[in-house]
Amino acid sequence: MRTAYRVETVRRAERELMAGLPEGALMQRAAAGLAAACADLLGRVYGRRVVLLVGSGDNGGDALYAGARLARRGAGVTAVLLTPGRAHGGGLAALRRAGGRTVAPEGAQDAVRRADLLLDGIVGIGGKGGLRPDAAALAATAAGARAVVVAVDLPSGVDADTGEVHGSAIRADVTVTFGTHKPGLLVDPAREYAGSVRLVDIGLGDVLPPEPELAALQHADVAALLPVPGGESDKYRRGVVGIAAGSARYPGAAVLAVAGALRGGAGAVRYVGPAGDAVIARFPETLVSDQGPRRAGRVQAWVVGPGAGEDAKTVAEVLAAEVPVLIDADGLRLADPDAVRGRTAPTLMTPHAGEAAALLGVAREEVEGARLRFVRELAARYRATVLLKGSTTLIADAGGEGVVRVNATGTPWLATAGSGDVLSGLAGSLLAAGLGALDAGSTGAYLHGLAGRFAAGGAPVGAHEVAVAVREAWRSVRE
């Protein structure tokens, strides 16, 4: 599991670690890892041109010490000093001893244009509110360079704690981060600026607290959570999920939600709604009822809302059930907030940014720009687990406190009609199998993202193909 910690937590851990180390040892560990990553990207260090974009403080010091190591290996290293009088003294002296040179920002354009690698050490993880004008001008110069751009710990101009980006920021090809991931490296929009992230171990693992701000499941974590039938399993032990979805206008939503549930491992699916004929034609094993959720029969969880149109009565009936419920799409709009808050069984809401914005009464752009803040706010307001869909999917537990799960297995090809319906059925099947709402949401998002990658293969893909590929995603995790 990849974990990410807030800046305050990282700073506290660094101080604790430094108390038992020689002065400067921690920075040297970071610089050594940074220089090694840069050398790996360059392939051949001797004769290559490296430009350091250096601000004040320790972030600039990391860049200067790494630049000194590269200069000693034969690279031509130039440091662009934004504030020459405030550059890290030890790092600057080390660079000059190694044969590196310095220039002022106004003389940077030619050096940047000729560089093979740019090292962004302008602002560290404590930066807030975007780049100042002089740094923003340097970021614009870097954006036009042909060089590989490497960010030191975090791209300058992005918020380490929230993933928000205010104004100009460095777009890195690679970010080399130290000790632990920071939330901004895992959450969009900042994640887009980070490129590929490499973690350098500087010894923080033993002093960081056990509970991070964010956690990203990996294959092994998902494999451990997946419900696998045993010798004594029957359809009820595997989990029966109810699907209340679809309408005369959107029968396909019901078909896709049922597909996600069946491919997600449900022992049986009970379908309630007006699209029964379409569901049976595609999945004859589905148990179809026209008596409403209350009379549909035994289920271990419900999925309600995909393609539901204006069927508020069905949504209310599902919310009254004493089993876990997943609310998606139209169900989010039709659900009575007080009914959601009053539920005693787990509730999982799965909005995209536009739906979350409508529920919160803000603009969609606000949610997209501050995803971590708003997923917590929505979970707190509804006292429900919230899965906020998007390029990075965030899952906050009921109440908005504790660790937020983040999933980045998705692909832009999943931005297609019906893909969310497949995810609803998939996550609903996991709820029915006994997973908690946080685990069902994050495991479902992980498998859904993998399925999108397998189905697309870099080409356009439809929701039906994503549903079919869930089986391959499941198999890849289990293997």
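How many cavities of 30 Å³ or more does the count come to here? The count comes to one. Before we look inside, a word on the model: it is predicted, so local features need pLDDT of at least 70 and side-chain atom pairs count only at pLDDT 80 or more, while totals for chains, interfaces and linings use all residues. Residues are numbered from 1 along each chain as its sequence is written, and side-chain values use heavy atoms, with hydrogens and water left out.

A cavity, on a 1 Å grid over the protein atoms alone, is a set of points where a 1.4 Å probe fits but cannot get out, and lining residues have an atom within 4 Å of a point. The largest cavity holds about 40 Å³ of space. Its lining is made of Ala-215, Ala-216, Leu-217, Arg-405, Val-406, Asn-407, Ser-442 and Tyr-446. Two or more of these residues come from each of β9 (214-216), β18 (404-407) and α19 (437-456). Strand β18 gives the largest share, three residues.

Most residues other than glycine have a negative phi, and most peptide bonds are trans. Yet Asp-188 and Pro-189 are joined by a cis peptide bond, with omega about 10 degrees. You'll find Pro-189 in the loop between β7 (174-178) and α7 (190-194).

Ala-329 is not a glycine, but its phi is positive, about 50 degrees. Ala-329 sits in the loop between β14 (325-327) and α13 (330-334). Is Ala-329 buried or exposed? At 17% relative accessibility, Ala-329 is buried, meaning under 20% relative accessible area.

Arg-383 also has a positive phi, about 55 degrees. With 56% relative accessibility, Arg-383 is exposed, which means over 50%.

Technical notes: 1 Å grid on protein atoms, 1.4 Å probe; cavity = no way out; pocket = protein on both sides within 12 Å on 5 of 7 lines; lining within 4 Å. Points joined across faces, edges and corners; volume = space filled by probe spheres on them. Helix = DSSP H or I, 4+ residues; strand = E, 2+ residues; numbered from the N terminus. Buried < 20%, exposed > 50% of the residue type's maximum accessible area, 1.4 Å probe, protein only.
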